[in-house]
Amino acid sequence: DITERKRAEQQLTETLDLNQKMIAASVMGIAAYRVSGECVFANEALARIVGGTLDAVSRSNFRLLTLWRESGMLQLVDEALDQGQARSKEILGTTRFGKNIALDCHVAPFVSNGQPHLLVMVLDISERKRGESIKKVVYKISQAANAVYNLKDLFNSIHASLGELMPVSNFFIALYDPARDELSFPYWRDDHDPCPLPDGRV
């Protein structure tokens, strides 16, 4: 029946259009790849997450990406393809576009036109990971405050702990005395400049 066939085709077209719009609107990065690594589809969210353009991401081959190799994603993908099962993994690293990221990755094999493919879905968890790191550093500093017996050791511990969050090769701790309107630097580490005064006061 021609009418029934046209109705089925219309439903299929509407379903495909809906799926494409849902993927495009998703905050999760989504891409489909051939087993050989070539990208056949990627959404804007994935490009935004990895810090590149949609065109550059769409032309990528995941088997050539350093981040995938060093993070263990390639091994995870091959396991998923070999076993025909979905796999998940959290990774940390730097994309080929120079962006430092933390990702919650999900990979799942599927078949299209008789050929095996890979569906990749990633969620940016960089802020969550940073929040966890900050909490960890604050806890370590509070533990040090209760454990050390002098300020020098405490300041060293604070310096080392903050180094887990940011570059701290140039770092100082300043104390302000309101009675004297005086600033002192009991802890000073700088690659280039000496402490303001020999006694650490200004």
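Me: Which side chain meets that of Arg128 in a salt bridge?

Reply: Side chains of opposite charge can pair when their charged atoms come close. In this predicted model, the partner of Arg128 is Glu132, with N to O at 3.4 Å. Both residues lie in helix α6, four residues apart, which is about one turn of the helix.

Me: Which other residue forms a salt bridge with Glu132?

Reply: Lys129 does, and the closest N and O atoms are 3.8 Å apart. Lys129 and Glu132 are separated by about one helical turn because they are three residues apart in α6. Salt bridges with shared partners join Glu90, Arg128, Lys129 and Glu132 into one network.

Me: Are Arg128, Lys129 and Glu132 buried or partly exposed?

Reply: A residue counts as buried under 20% relative accessible area and as exposed over 50%, with partly exposed in between. Arg128 is at 41%, so it is partly exposed. Glu132, with 40%, is partly exposed, and so is Lys129, with 25%.

Me: How many salt bridges does a search of the whole structure find?

Reply: The search finds nine. One of them joins the side chains of Arg59 and Asp55, at 3.0 Å from N to O. Here Arg59 counts as exposed because its relative accessibility is 61%, while Asp55, at 49%, counts as partly exposed.

Me: How do I check the length of a helix, say α7? What should its twelve residues span?

Reply: Take 1.5 Å times one less than the number of residues. For α7 this gives 16 Å, and the end C-alpha atoms are 16 Å apart, so the two agree. At the start of α7, a side-chain oxygen of Asn150 comes to within 3.2 Å of the backbone nitrogen of Lys152.

Me: Which residues of α7 are buried, and what covers them?

Reply: The buried ones are Leu154, Phe155, Ser157, Ile158, His159 and Ser161. Their cover includes helix α6 and the strands β6 and β7.

Me: Take Ser161. What does it touch?

Reply: Leaving aside residues up to four places away in sequence, Ser161 touches Val137, Lys140 and Ile141. Ser161 and Ile141 are 20 residues apart in sequence, with their C-alpha atoms 6.9 Å apart in space. Ser161 has a relative accessible area of 3%, so it is buried.

Me: How many helices and strands does the protein chain have, and what share of its residues is buried?

Reply: There are seven helices and seven strands. Of the 202 residues in the protein chain, 30% are buried. The protein chain exposes about 13200 Å², of which carbon and sulfur atoms supply 54%.

Terms used:
Residues numbered from 1 in each chain as written. Predicted model: local features only at pLDDT ≥ 70, side-chain atom pairs only at ≥ 80, totals over all residues. Heavy atoms only, no water. Buried < 20%, exposed > 50% of the residue type's maximum accessible area, 1.4 Å probe, protein only. Contact = heavy atoms within 4.5 Å. Helix = DSSP H or I, 4+ residues; strand = E, 2+ residues; numbered from the N terminus. Polar contact = N/O pair within 3.5 Å; in protein donor to acceptor, adjacent residues only side chain to side chain. Areas by Shrake-Rupley, 256 points an atom, 1.4 Å probe, with all protein chains shown as cover. Salt bridge = Lys/Arg side-chain N within 4 Å of Asp/Glu carboxyl O.
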